Amino acid sequence: MSEHITHTASIKRLERSSSDRVVAGVSAGLGRYFDLNPAVFRLGFVVLTLLGGAGILVYLAAVLVIPVEGRDQSIAAQVLAERSERPAPLVGLGLAGVALAVLLSRGDLWPAAGAGWVLILVAGLTILWASRESGRGRKLAIALGAIASLLAIAVVTALVVAFAWFNVSFSDGLGDRTYQPATAAEIQPAYKLGVGNLRVDLSHVSPSTAARVRAKVGIGELKVIVPTTAAVTVNANAKAGDVYVLRRHDDGRDANIQTGTGGGLVIDATVGAGRIDVVRAR
């Protein structure tokens with residue numbers, strides 16, 4: 001007689017640990033799934049947190065999408081499944097998800113992530129927490145969520161107003177840009193940047209070049225380098241900030257410097273908020 005014993009292969013499932021946890025059991029769950037010591041993942045989250053705060057963002061995202069041990073659905077999956085009966089948690093999840101996506105795309109939480117997105121993340125997580133509490137804790141969570149939401153709205157509104165006043169256009173781009181035309185034909189009629197640092201190096205064009213160059217930065221720094229001996233006419237204006245043009249300086253609100261006779265290289269430099277430098281090549 002022979003016996004046929006069938007072994008059912010166990011399917012490994014990624015879950016947050018309910019027993020071995022420091023915060024929410026994410027590291028222990030990852031360690032169990034990958035057969036590694038949870039300390040490896042805890043150290044990774046700490047390092048990412050020290051390098052700008054991304055560790056906190058990744059951890060929060062994991063808490064939302066990884067189910068806790070013994071449950072079939074994660075927080076995010078449960079909220080989506082109950083979206084018609086309980087719409088409030090869906091609002092919180094949506095706010096938290098958008099804020100997490102934006103902050104993760106920037107790769108940091110501090111110091112320059114933007115208070116508005118951080119407050120939106122706090123508001124979303126608080127609303128999610130409020131939906132899972134009851135009694136006095138629920139009322140407190142709702143109050144905290146309302147305060148965080150109002151602060152987030154206030155900060156975002158202030159940013160929108162400020163960007164509008166400083167003429168910031170995100171379609172002009174973000175970050176650092178450098179342009180270095182070698183001839184007059186390569187000079188673009190306009191150089192624009194929404195937020196960041198813009199550098200236009202004209203030091204390699206002929207000193208006898210006659211051209212008009214318009215350079216604009218919404219928020220940030222603008223630097224224009226002109227040939228050592230070229231005739232230069234400059235009209236530089238900053239709505240708020242500092243303007244340095246060929247050893248002349250102005251600052252404050254509507255800082256403006258005009259210099260030159262109207263010939264040669266004509267530089268129209270504009271910054272909404274920040275700094276303008278127009279210097280000669282060394």
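Leu246 is partly exposed, at 26% relative accessibility. This residue sits in the loop between β4 (232-245) and β5 (248-259), in a predicted model. The protein has 7 helices and 6 strands.

**Confidence**

- The mean pLDDT of the protein is 75.
- A score of at least 70 is reached by 62% of the residues.
- Helix α7 (residues 135-165) has the lowest mean pLDDT among the elements, at 58.
- Strand β6 (residues 265-280) has the highest, at 93.
- Where pLDDT is low, predicted coordinates should not be read in detail.

**Overall build**

- The protein counts 282 residues, and 38% of them are buried.
- Its exposed surface comes to about 16,100 Å².
- Carbon and sulfur atoms supply 60% of that surface.
- Among contacts with a separation of 6 or more, 56% are between residues 24 or more positions apart.

- Strands β4 and β5 run antiparallel and are joined by 11 bridges.
- Across this pairing, Ala240 stands opposite Arg253 in β5.
- The hairpin has 2 residues between its strands.
- Leu246 takes a positive phi near 45° in this hairpin.
- Most residues other than glycine have a negative phi.
- Asp254 also has a positive phi, of about 55°, and is not a glycine.
- Asp254 lies within strand β5.
- Asp254 counts as partly exposed because its relative accessibility is 45%.

**The largest nonpolar core**

- This core holds 29 residues.
- Leu198, Leu202, Leu222, Val224, Val243, Ile267 and Ile276 touch the most other members.
- Strands β2, β3 (211-226), β4, β5 and β6 each give two or more residues to this core.
- Strand β3 gives the most, with 7 residues.
- Ile267 touches Leu202, Val213, Val224, Val226, Val232, Thr233, Val234 and Asn235, leaving aside residues up to four places away in sequence.

**A second core**

- A separate core holds 11 residues.
- Val26, Tyr59, Ala62 and Ile75 are included in this second core.

- Ser27 is found in helix α1 (residues 26-34).
- Ser27 counts as buried because its relative accessibility is 4%, under the 20% cut-off.
- Beyond residues up to four places away in sequence, Ser27 touches Pro38, Phe41, Arg42, Phe45 and Tyr59.
- One of these contacts, Tyr59, is included in the second core.
- Asp277 lies in strand β6.
- Asp277 is buried because its relative accessible area is 13%, again under 20%.
- Asp277 touches Leu222, Lys223, Val224 and Tyr244, not counting residues up to four places away in sequence.
- Among these contacts, Leu222 and Val224 belong to the largest nonpolar core.

**The aromatic pair**

- The structure holds 1 aromatic pair.
- Tyr179 and Tyr191 form this pair, with 4.9 Å from centre to centre.
- Their planes stand 55° apart, and the pair is tilted.
- The pair links distant parts of the chain, with the two residues 12 residues apart.
- Tyr179 belongs to strand β1 (residues 174-179), and Tyr191 to strand β2 (residues 190-201).
- Tyr179 is partly exposed, at 23% relative accessibility.
- Tyr191 is buried, with a relative accessible area of 2%.

Conventions:
Residues are numbered from 1 along each chain as its sequence is written. This is a predicted model: local features need pLDDT of at least 70, side-chain atom pairs count only at pLDDT 80 or more; totals for chains, interfaces and linings use all residues. Side-chain values use heavy atoms; hydrogens and water are left out. Rings of Phe, Tyr and Trp (its six-membered ring) pair if their centres lie within 6.5 Å; planes under 30 degrees apart count as stacked, over 60 as edge-to-face and the rest as tilted. Helices (H or I, at least four residues) and strands (E, at least two) are DSSP runs, numbered from the N terminus. Buried means under 20% relative accessible area, exposed over 50%, partly exposed in between (1.4 Å probe, protein chains only). pLDDT is the predictor's confidence in each residue, from 0 to 100. Contact means heavy atoms within 4.5 Å. A nonpolar core is a set of buried Ala, Val, Leu, Ile, Met, Phe, Trp, Tyr and Cys residues joined through side-chain atoms within 4.5 Å. Accessible areas come from the Shrake-Rupley method with a 1.4 Å probe; for residues, only the protein chains shown count as cover. Two strands pair if DSSP finds at least two bridges between them.
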